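Me: I would like to go through this model with you. Please have a look at it first.

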Amino acid sequence: MIKYLRLFREFMRACLVEEFEYRANFAANLLSTVFWLFMAILTVQLYFYRTQEIGGWGFYEVLVLLGIFNAVHGFIEFILQPNMSRLISHIRKGTLDFILTKPVDSQFYISFRHLVFWRVADIILGFGLTAYALWELDAIPSIAGLIRFVIVFLASLVVVYSLWMGMMMFSFWAVKVDNLSYLFSSFFETARFPVSVYKGVLRFTLTYIFPIAFITTFPASALIGRISGWEVVWSVGIAMIFFGLTRVLWKIALRHYTSASS
């Protein structure tokens, strides 16, 4: 574990140095992040001009969820997107060979080698929006509530990672899977609102098949006191199952990998 923490620290240091080689670009990207968050808040306000609640959630409760959505989106763009796109390239070009020969777990290396640091702003602004909405609700969570939130939020990140990694691993068998990332993004956009907004088959799909509910609705519910103990356990269980399946799929995929030397 210490070895991998040190390795992740080196990944962060190298990527941070690379990022600050282009300071103007870094600043412009930060401004872009602020602008799009502002637009997202404006969109939510437009919905509430004609209604008092959405799916049983009030305006500031939805802002709590929107902040978490922004933080999760920042995690995706900070870690997942830059690494998963490179995975496809490594498989196509045969350069995955160089990673498989390194004295480190290949899935760890593929998952965390490249980081886009300015995307941390999404995470900070997202949590800032969540904190503001909780303040307006006068619903500062208790220590127990914060613990439940941390558990459920970390579980949501594991679910996001597992879903994205699982889809990208199909590139071991298919020539072109880039469109799967767009499919994931389309489903992920539904997490901007509580899952109770959706009805029927769509709600079932977003809860049990493509578990968007675990990504934003459950963490937001933990902060505003809408989550039960068994739902916390359920979130952790789903995260463990999805991560376990991803790990197994990675092992199977490597056995089907045709290296450049073959």
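Me: How far apart are the mean positions of the positive and negative charges?
Reply: In this predicted model, the mean positions of the 21 positive and 15 negative charges of the protein chain lie 8 Å apart. Lys and Arg count as positive and Asp and Glu as negative, with His and the chain ends not counted; each charge is placed at NZ of Lys, CZ of Arg, CG of Asp or CD of Glu.

Me: What is the secondary structure of the chain?
Reply: The protein chain has 11 helices and zero strands, where helices (H or I, at least four residues) and strands (E, at least two) are DSSP runs numbered from the N terminus.

Me: What share of the residues is buried?
Reply: Buried residues, meaning those under 20% relative accessible area with a 1.4 Å probe and protein chains only, make up 48% of the 262 residues.

Me: And which residues have the most contacts inside the largest nonpolar core?
Reply: They are V72 and F184, in a core of 79 residues. Such a core is a set of buried Ala, Val, Leu, Ile, Met, Phe, Trp, Tyr and Cys residues joined through side-chain atoms within 4.5 Å.

Me: Which helix gives the largest share of this core?
Reply: Helix 3 (residues 59-93) does, with 19 residues.

Me: What does V72 touch?
Reply: Leaving aside residues up to four places away in sequence, V72 touches F153, S156, L157, V160, F188 and I215, with contact meaning heavy atoms within 4.5 Å.

Me: On which conventions does this rest?
Reply: Residues are numbered from 1 along each chain as its sequence is written, and side-chain values use heavy atoms, without hydrogens and water. Local features need pLDDT of at least 70, side-chain atom pairs count only at pLDDT 80 or more, and totals for chains, interfaces and linings use all residues.

Key: Buried means under 20% relative accessible area, exposed over 50%, partly exposed in between (1.4 Å probe, protein chains only).
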